[in-house]
Every structure is written in C-alpha cells, then in structure tokens.
Amino acid sequence: MSRSDDTLLLANVSRRGLLKGLVGGSALLLAARWDLALANEQAQFGAGAMPGGWVDNPNVFIQIDSDGLVTIINNRAEMGQGIRTSLAMVAADELGADWEQVRAQQAEGDQDKYGNQNTDGSRSMRHWYEPMRRAAAAARLMLEQAAASQWDVPVHEVRTEIHKVVHSATGRELGFGDLADAARGLDVPGRHALVLKSDSELRFIGKESGLINGELKSAYPKAIDGEDIVTGKAIFGADIDLENTLYAVIARPPVYGAKVKSVDDSEALKVAGVKKVIRIKGASQPAAFNPLGGVAVVASNTWAAMEGRKALKIEWDNAPAGNNADYTSDAYRESLEKAAQSPGKVIRQSGDVEAALQNAEKRVSATYYMPHMAQATMEPPVAVVMIKNGKAEAWAPVQHPRAAREGIAGMLEMDLDNVTLHQTLLGGGFGRKSKPDFVMEAALVAKEFEGQPIKLQWSREDDIHHAYFHAVSVDHLDAGLDAEGKATSWRHRTLSPSIASLFMPDPKHKGEFELGMGFNTMPFDIPAIRLENPPAPAHVRIGWFRSVYNLPHAWAIQSFAHEMAVAAGKDHRDYVLDLLGPARKIHNLTVGDGWNYGEDPDLHPIDIGRMRRVIERATAEAGWGRKTEKGRGLGLAFHNSFVSYTAIVFDVEVDDKGKLTIHRADIAFDCGPQANPERIRSQMEGSCVMGIGVALQSEVTFKNGVAQQDNFDSYLVPRMPDAPKVVRVHLIDNPDDAMGGVGEPGLPPVAPALCNAIYAATGKRIRRLPVGNQLS
C-alpha cells in the first residue's frame, strides 16, 4: 500500500497539517459539500479526521525490556474482533520480533497520548495499520543504530533478523534486550528515514493462517488472548473486583424521557445487604449519552441490590416524555408506510423519474420494513468507579474511552485530567458500548460513597429495555422496466428516525452520514433516479448498531433488485450485473455523498469493478445456476460499506412445515490489503450469523412507549441450529487499493440474500423483518 511521501514522515502532525499533505487542491471543493459542523474546517480524511488523530511514536506503542520481551500497546477496544492480536502482529512483523516474545497491553483511555481510541466505524485496522508499521519501523531502526554504535560500524552494515540485530561482516549479533537501553535513549527518526519492509520480507501480515474451511494451512501466531478468553482467565468489565466494593443497580423510567414522581423505598431498605437508595437525576431530551435517571439501589452484593430494586414502589411521571408514552410499534410502522406514499426531501435526482414510471412497460413497487433491534451484547453494560480526593478512577468495557472520561468529568464537574479510565475487554460491543451512559451512572452513585468502589451492573432486561435501539425503517421503492425488462427508472423513499435525535430535538430527516450508508451511494446505472427522505420522528433512544443504516438500505435495495429480476424474467445475477453496468469508478461527490465513511473519495471511490468481482466470485463459488431440488434455492445480495465490498450467496431449504435449513453461505469479500486474513474470515463468519438473527428473529417492539421484550426468551438471537452448516469465505486478493473496513461490511447483505434464497426455494416474498413465522 502506498500513498504520498508525506505519509511516510514520522511525526505527530495536526489535523490541518495532515490535510495539507493529503488533500491538496481538492480541499476547497470538498469543504463546500461538508456538513455544517465541518463547514469551517478543511476536509480531512481517515485517521487524521478523527478526534485525536493518530500517533506513530514507537516510544508510545512499543516497549522492549532488557530480557527481550516486546510489549505492544493496544490503543483500540478489543470486543471480539481480534484487534489486540492484529495490531500486535503488524508491529511485531515490521519490528522483526519473535512472536513468542511478544505481549499486548491495553492502553488506558488517553486520547492525547494514544491518538483516537473510538473503536467504531470499522476503523481500527484501516486507520492504524500504517501508523503501527511506521512506529515499528522506527523502533527497528533505533535498535540498528544502537547496535551500529556499539560495534562502531556504519548503520547500513547491520540488519535486523528475528529478535536480534546482526553485523554480517563480522558475524556479531545482539538481541533486542541487549540493545533496549541504548535504543531507548536515541531520538525517534523522522519518517523520511524509514523504509518499510517489502511484502517478501513480511512473515505475518497478509499471510493465510490456521484453519481455513477445516484445513490447517500453516503454523501461525495464535491469538494473543484467545486461550485466556476460552479458559475464563481474560478480564472483562464484569470481572473487575476491587476490595470493599459496593454493588448497584438502577430502576430506570420505562418510557424514554419519563421521570420519577415518587418513590417508597421502605421495603427495599429491609432487604438484607441493601445499604442505600439514591434517586438519579435523568437528562432532558435529547439525552445524548447522559443517564436516563431513576432510582439506584446500592448493596453489599449484586443479588441484594436486584432484590432491593424489586421492592421499590415507584410512581413514574410520563409527562416529560411527551408523546413517547404513546409510542406503539404497529401504529408507527403504519404511519411510516403511509408517509412513504408521499414525496419527501429530495436527496438525489437524475432524469425524469415520474415520466419514466408512467411510460414504463412494466412497473415494480414494494415496501420493506426493518424493526428496532437491540445490540444485546453477551456482556451487558457494567462499570466500576471510585471517587477519592477529587479524582475519579473507572474500569469499564467501553468502545470510546474519551467519551467515558468526558462524561464522568462533566457529570462530576471535575477536570478531565482527574479522571482515569481503565479499558477492559468487551464482551461484545456492536455500537452499544460507544455510549458511556452506564459509566456515568456508576460515577453518580460513587459520588455518594467517597473512597469506595461502586460496581454498577445492568441486567439483561435493563439492556434490552433501555438500549440505544437500531432505528425502525420503512423503505418504499418503485421501478419502471422496458419491454426487455431493463430498468428505466428507480424511485426510493427511505424513512427512519435519525441518530441525530440523540443530540438535537426532532431532526426529522436522516443526516448525511446516514444517507451515505448505501442510499445516495446506490450504484445502479439507471437513466432516471430519484431518492427521497420523508421525515420520521424518534420516540426512543436511537443509536449505532453494527453496520448502522447500511442494514435497512441494503435490505430494501437488494431485495427490490431481485424483485425486478423476477419481474423481468431474468437471472438475478445477470440482472444485477446489468444494473451495475461496466466497471468504472464513481466519485462520491457526484452522487451527493460528502461523507464516504470519513475517507478520501479519491482513494475510496464507489468502484463498480470491485462490486462486480465480489458478485462473480460468490456466485461462482456457490455454483450459481445449478439445478436445485424442490423447496431449495440460492439467493444473492451484495453491498459496499465502510469502503469495502461484500457479496453473499445462501443455499437454503424450506420444508412443507416452513422449517428453514441454511445449507451453505458463500461470502466474497474485498477490503483491499489484508493485514490479518484469519481475522477477516472470522469477522465474515460472525457477520453471517449475526445477520441471520437480523433476518429471522431479532425484534424489539413497543407498546405505550415500553419495550415488550425482556430477555433472550423473547428477544431472539441465533442458536446453533440456525447457523449455516457451512460458511465459506472467499477473500479477493486486492493489495493495490486503499485498505477498507472489516468489522461491519459483512452484515448488510445477509438478510436480503437469505430472503432472496427463501423466495427461490418457496416463491414466498418476505418484505417485513424478522421473518419469524412468516414461512409457516
């Protein structure tokens, strides 16, 4: 992977400084299309556009002890994606370290020191691959300089081999540990002095590893904390256990925005172990990341706190919640479906859609629905906070440690430097743990117990009732076809409450970053296109859910393209390849997308050639076109998101009673350069299983503003029999493009591909998720 020479200069540059190196003459043009909040900023891309930017200083990320042990500091949240292993592997490879002498250490939440630590948006590897390689290359050069100085020879006569530096002319060699002290005292070399290893010199990066489709490919560095995780030794947030800890749970208002009118805690205080009952002030709407308020019960153990909470007699005041108290899912869906029949805010337009629809030989129309979902991480939110002598110390499984520190500091009116955050392993994140409301709740309770740790634990029911829900979505599409079935027009109206409703009252429409998730970047080559966004109010907390708005957009577009192919009497694969048109690159600004996941559209345009390749690879691997038995069929969908490309083909069977069996999934994926193929495959496999839950089972409904699901008996996630019998991941070798995201792009095409396969097997069209009992 190569960029301009400026990116090889080792320094902590300012956001504006980075911009000057990367953007050049296109900055003014891009700034004119940027959101209002960035209107006065020059356009910035990648890690440099993130708060805190990036840091590539080896003294921050790489420690070498005198015994040779190399410690790589991981500045990102580890929530199952394997970033501790992948970043350490990248650094160790560039450094030349022996993997058996490499350890990973989690960084504290310190954005000023470690750069941006907000782990979301599938950014960890694509933003930190180059900085970590540069940091390791700088450390390697410092070791070589130390050795050359000790031997009194020119530095170009020495080289690094595995965990040692050698002087070939004399056969002398020194281990990393022997050189650590001397190297530590040297100046960090400028980036112009660094030479990254060539592909042929790399041992780990980009190499296939471990078990692939059941076959052992090669010996390889094992996951750095994999054994600890499977043996229970790893420390998650819920594992933090400090001396003299008290435990707390909170009764929160069932309706978003409601308050406590009165509370009788007399029975709660009689529960053995209960120490205190505290009223927690809730934020006004919009709540942002602030706590919802309620009543906290503090006890000597979690069970007592929960029993005390059951004994509370609370009267809630729904008046502050406004019409949130009337929010009922069925009625809301009907209102969105009705609104979808009327024009909305025009987002993108080309050609005369109305005329094309009227003159079409055949017209196809459909409405698709996706419900609320909760992230439902395996580890519910939990945090430990202790406040002492004007300082706060927190331990928590958070995706965004800076936000947690700022939340605590703001809540307690404390200087940010007086707040320390220890980031633990996360038992899943999926966007939920980027919001630190639960850490702030713990801080509010800890404020009442100076010098004593407070562990605030959410139950599964707390988590599902009070999630930052994935937005309910209705998408209505119309298309006109000519006599040969070719598309002449495409009209798409999308309706969902915006995540912006967390931060501003009644935003009405989706924001640019939400529309850029597969809506205004719709890639089909159709003469007349009109994309609209009618308003949709929010009545609950709307938040990030893995893949975010790519989910409903891919669900609707990929299902509808299949319906068009059926109406045209054409093979689905051939039809979508024709819709895409020839391989070409579309600049995002030409379709009104000034966001592009924060990446430079010159480096990451919408690449139709890459889309075609993943479709062709997935269908070829799946045996597309083969004859199937009655009740069995293949379904295809594809999507580009987080600047990567995915296509999936499912092979499914539905019996006479409606029982669905997923025989196989073939996933083709192109993220450009592959740092750790084993983890990429794992992410695709995990996305496939999670997407099956989105398609088949997961739904949160509301009645009078209250979530109706409580636990995994009512909020369903995939069980083992629901998973495909075989998942095959086919990685596209594409080292010359810029690196894309991995954690989220596998999810969006799963639901439409699965439902297209169900149609192929049964002739039954699914337009409302989850599938649930629609097959019986």
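Author: In helix α12, A404, G407, I408, M411 and L412 meet V439, M440, A443 and L444 of helix α13, where contact means heavy atoms within 4.5 Å and helices (H or I, at least four residues) and strands (E, at least two) are DSSP runs numbered from the N terminus. By class, this contact of α12 with α13 holds eight nonpolar residues, one polar and no charged; Ala, Val, Leu, Ile, Met, Phe, Trp, Tyr, Cys and Pro count as nonpolar, Asp, Glu, Lys and Arg as charged, and the others, Gly among them, as polar. The axes of α12 (residues 401-412) and α13 (residues 437-446) come within 9 Å and cross at roughly 35°, the axes being lines fitted to C-alpha atoms, for helices over the stretch in contact, with angles from 0 to 180 degrees between N-to-C directions.

Residues are numbered from 1 along each chain as its sequence is written, and side-chain values use heavy atoms, with hydrogens and water left out. The protein chain averages a pLDDT (the predictor's confidence in each residue, from 0 to 100) of 93, and 93% of the residues score at least 70. Over residues 1-40, however, the pLDDT is below 50, although this stretch has 78 contacts in the model beyond near neighbours in sequence. Where pLDDT is low, predicted coordinates should not be read in detail.

Helix α20 itself (residues 750-762) has 13 residues and should span 18 Å at 1.5 Å a residue, which agrees with the 18 Å between its end C-alpha atoms; the expected span is 1.5 Å times one less than the number of residues. Ten of the 13 residues of α20 are buried, where buried means under 20% relative accessible area, exposed over 50%, and partly exposed in between (1.4 Å probe, protein chains only). Among the elements that cover these buried residues are α16, α17, β25, β26, β27 and α19. Just after α20, G763 takes a positive phi of about 80°, and in the segment after α20 lies P770, joined to L769 by a cis peptide bond with omega of about -5°.

Most residues other than glycine have a negative phi, and most peptide bonds are trans. Against that background, F642, in the loop between β25 and β26, has a positive phi near 50°, and F642 is buried, with a relative accessible area of 3%. N704, in the loop between β28 and β29, also has a positive phi, of about 50°, but N704 counts as partly exposed at 45% relative accessibility.
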